[in-house]
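Me: I have a new structure open and want a quick tour. Can you walk me through it?

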Amino acid sequence: MPNRNMLVVTAYAILSAVTSLPCEQRLKQLEGEWVASKVVLRGEDITDEFKRMKWVLRSGVFTVRIGADTIGESRFVSMTLGGRVDLEYSDIYKPGTTSRQFAIYTISANSFKMCASVQPADVQTNGSVVKPEDLKRPTRFGERNTYVIEYKKVK
């Protein structure tokens, strides 16, 4: 079983952004405050572990909070209208390193759903990405070795 704290790190990554995003209208739709309505890791519902968290997207920065405490920030590397998203964040388990997730997503009204591989790739200082050999972007929600997070917009 992977470290569930790693899910915390990648969970807040899904709604972050850079200034030039191919789907700026999608990003604008995501601005606000979100809670996790369902979190499934490799088929196991672990939603209760995320109940105290809030994800806030403001001015292109996605921040995860527990109460008044900020536990991290991250950004989108790319986002397509076709439902693919790449996310980067500082890896709290490897200080000074950046990790990247490869995911798929859907957006409807006040919900955002994402499915990402459990294992991230490492981003080198020159910007190149080193993917573990078996790391692939999911092609459907709930595939083996993925996690699915469903968010509900609260503000």
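**A first look**

Reply: Start with Trp55, which is buried, at a relative accessible area of 0%. Buried means under 20% relative accessible area, exposed means over 50%, and partly exposed is in between, with a 1.4 Å probe and protein chains only. The model is predicted, so local features need pLDDT of at least 70 and side-chain atom pairs count only at pLDDT 80 or more, while totals for chains, interfaces and linings use all residues. Residues are numbered from 1 along each chain as its sequence is written, and side-chain values use heavy atoms, with hydrogens and water left out.

Me: Where does Trp55 lie?

Reply: Trp55 is in strand S3, which covers residues 53-58. The C-alpha atoms of Trp55 and Gly72 are 9.8 Å apart, and the two residues are 17 apart along the chain.

Me: How many helices and strands are in the chain?

Reply: The protein chain has two helices and eleven strands. These are DSSP runs numbered from the N terminus: helices are H or I with at least four residues, strands are E with at least two. The order from the N terminus is α-α-β-β-β-β-β-β-β-β-β-β-β.

Me: What share of the residues is buried?

Reply: Of the 155 residues in the protein chain, 45% count as buried.

Me: What about contacts between residues at least 24 apart?

Reply: Take contacts between residues at least 6 apart in sequence: 59% of them join residues at least 24 apart. Contact means heavy atoms within 4.5 Å.

Me: Which residues touch the most other members of the largest nonpolar core?

Reply: Leu30, Trp55, Met79 and Phe112 do, in a core of 27 residues. Strand S1, residues 32-41, gives the most to this core, with four residues. A nonpolar core is a set of buried Ala, Val, Leu, Ile, Met, Phe, Trp, Tyr and Cys residues joined through side-chain atoms within 4.5 Å. In soluble globular proteins, nonpolar side chains tend to be buried together.

Me: Switching to charges. How many salt bridges are there?

Reply: The structure holds three. A salt bridge puts a side-chain nitrogen of Lys or Arg within 4 Å of a carboxyl oxygen of Asp or Glu.

Me: What does Glu33 pair with?

Reply: Glu33 pairs with Lys54, and their closest N and O atoms are 3.3 Å apart. Glu33 lies in strand S1 and Lys54 in strand S3, so the pair ties together parts 21 residues apart in sequence. Glu33 is buried at 11%, whereas Lys54 is partly exposed at 31%.

Me: And which residue does Asp86 bridge to?

Reply: Arg137, with the closest N and O atoms 2.7 Å apart. Asp86 sits in strand S6 (residues 84-90) and Arg137 in the loop between strand S10 (129-130) and strand S11 (146-153), so this pair ties together parts 51 residues apart in sequence. Asp86 is buried at 11%, and Arg137 is buried at 18%.

Me: What does Arg100 touch?

Reply: Leaving out residues up to four places away in sequence, Arg100 touches Val77, Asp86, Leu87, Glu88, Pro120, Ala121, Val123 and Val129. Arg100 is in strand S7, residues 98-108. Its relative accessible area is 13%, so Arg100 counts as buried.

Me: What about Glu143? Which residue is its salt-bridge partner?

Reply: Arg140, at 3.5 Å between the closest N and O atoms. Glu143 is buried at 16%, whereas Arg140 is exposed at 54%.

Me: Now pockets. What is the volume of the largest one?

Reply: The largest pocket has a volume of about 230 Å³. A pocket is found on a 1 Å grid over the protein atoms alone, as an open set of points where a 1.4 Å probe fits, with protein on both sides within 12 Å along at least five of seven lines; lining residues have an atom within 4 Å of a point. Grid points are joined across faces, edges and corners, and the volume is the space filled by probe spheres set on the points.

Me: Which residues line the largest pocket?

Reply: Among them are Arg42, Asp134, Lys136, Glu143 and Asn145. The lining divides into three nonpolar, four polar and five charged residues. Here Ala, Val, Leu, Ile, Met, Phe, Trp, Tyr, Cys and Pro count as nonpolar, Asp, Glu, Lys and Arg as charged, and the others, Gly among them, as polar.

Me: What is the phi of Arg42?

Reply: Arg42 has a positive phi of about 45°, although it is not a glycine. Arg42 lies in the loop between S1 and strand S2 (44-45) and is partly exposed at 41%. Asn145 also has a positive phi, of about 60°, and is not a glycine. Asn145 is in the loop between S10 and S11, partly exposed at 32%.
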